[in-house]
Amino acid sequence: MKTALVIRHIAFEDLGSFAEPLAEAGYRIHYVEAGMQNIPAEAAEADLLIVLGGPIGVYQTEDYPFLAQEAALLRARLGRDAPTLGVCLGCQLMAAALGARVYPGGAGKEIGFAPITLTEAGRDSALAALVEPEADVLHWHGDTFDLPEEATLLASSALYPHQAFAMGRRGLALQFHPEAEKDSLERWFIGHTAELSSAGVSIAGLRAVAAAKAPGLQERSRRFIARWLAEIAK
């Protein structure tokens, strides 16, 4: 079987709706817990590397030195166009690995369900499956990044212009969270309660919107990741 090595920074931010399509595509999933386990040597050669989200900043390497190891791994994989997917923090780490600046966003926290707009390149990519018939996705970040040189912008939102980019044919970075599932979001509401409170986000209000939006996002997300996996296998 092919191996999907997944770097997870916080337990409840897992593969979510990506897990089943990965298994269906023939991948054996292996999680590495950031900060708790060393990144194994085989990560460089894994058939697929996925770096997930977390409530820390790329620039906090003094507090979280493993971030520098992740960036170095990403730099090596992206340099040879090895299949690589970054989500939220993983996206920001990909940007940093490619030499771009990552920093707190001037527009403040972007938390909740809101649409993304695809560029022409985005409409020609697997992301097209994620915005049909609805373009709302889950946003949950406070940092943003400059678009790396040689990267192709795929998506923007009303608050932040850089929401997704491609690097080469097999590198994909997503600032938002298509993988989040309705049944697991309660863990997010508990685990990120301090962030939600400081951002003035109503948990009850977000829960109500998630009940309406998350099921559709989950279905679109499964179609998106299945299409992307098929594309990188060519």
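**Fold and strand pairing of the predicted model**

Leaving aside neighbours within four places in sequence, His-192 is in contact (heavy atoms within 4.5 Å) with Ile-10, Phe-12, Glu-13, Pro-55 and Trp-140. His-192 lies in the loop between helix H5 (185-191) and helix H6 (193-198). The residue is buried, with a relative accessible area of 4%; buried means under 20% relative accessible area, exposed over 50%, and partly exposed in between, for a 1.4 Å probe and protein chains only.

The model is predicted, so local features need pLDDT of at least 70 and side-chain atom pairs count only at pLDDT 80 or more, while totals for chains, interfaces and linings use all residues. Residues are numbered from 1 along each chain as its sequence is written, and side-chain values use heavy atoms, with hydrogens and water left out.

The protein contains seven helices and twelve strands; these are DSSP runs numbered from the N terminus, helices being H or I with at least four residues and strands E with at least two. The radius of gyration of the protein is 16 Å, close to the 17 Å that the globule rule gives for 234 residues, so the protein is as compact as a globular protein of that length. This radius is taken over C-alpha atoms, and the globule rule is 2.2 Å times the number of residues to the power 0.38. Along the principal axes, the C-alpha atoms fill a box of roughly 45 × 40 × 30 Å. Of the 234 residues, 53% count as buried. Among contacts between residues at least 6 apart in sequence, 75% join residues at least 24 apart.

Eight strands form an open sheet with mixed pairing, in the order S2-S1-S3-S4-S12-S11-S10-S7. Strand S2 (27-33) and strand S7 stand at the edges, each with a single partner strand, so one side of each is left without a neighbour in the sheet. Two strands pair if DSSP finds at least two bridges between them. Strands of a sheet pair through backbone hydrogen bonds, either parallel or antiparallel.

S12 is joined to S11 by four bridges in the antiparallel sense, and Met-167 has Gly-171 in S12 as its bridge partner. The hairpin of S11 and S12 has three residues between the strands, and in this hairpin Gly-168 takes a positive phi near 70°.

Strand S11 (residues 164-167) runs antiparallel to S10 and is joined to S10 by three bridges, with Thr-152 opposite Ala-166 in S11. S10 (residues 152-156) in turn pairs with S7 (residues 117-118) in the antiparallel sense over two bridges. Thr-117 has Ser-156 in S10 as its bridge partner.
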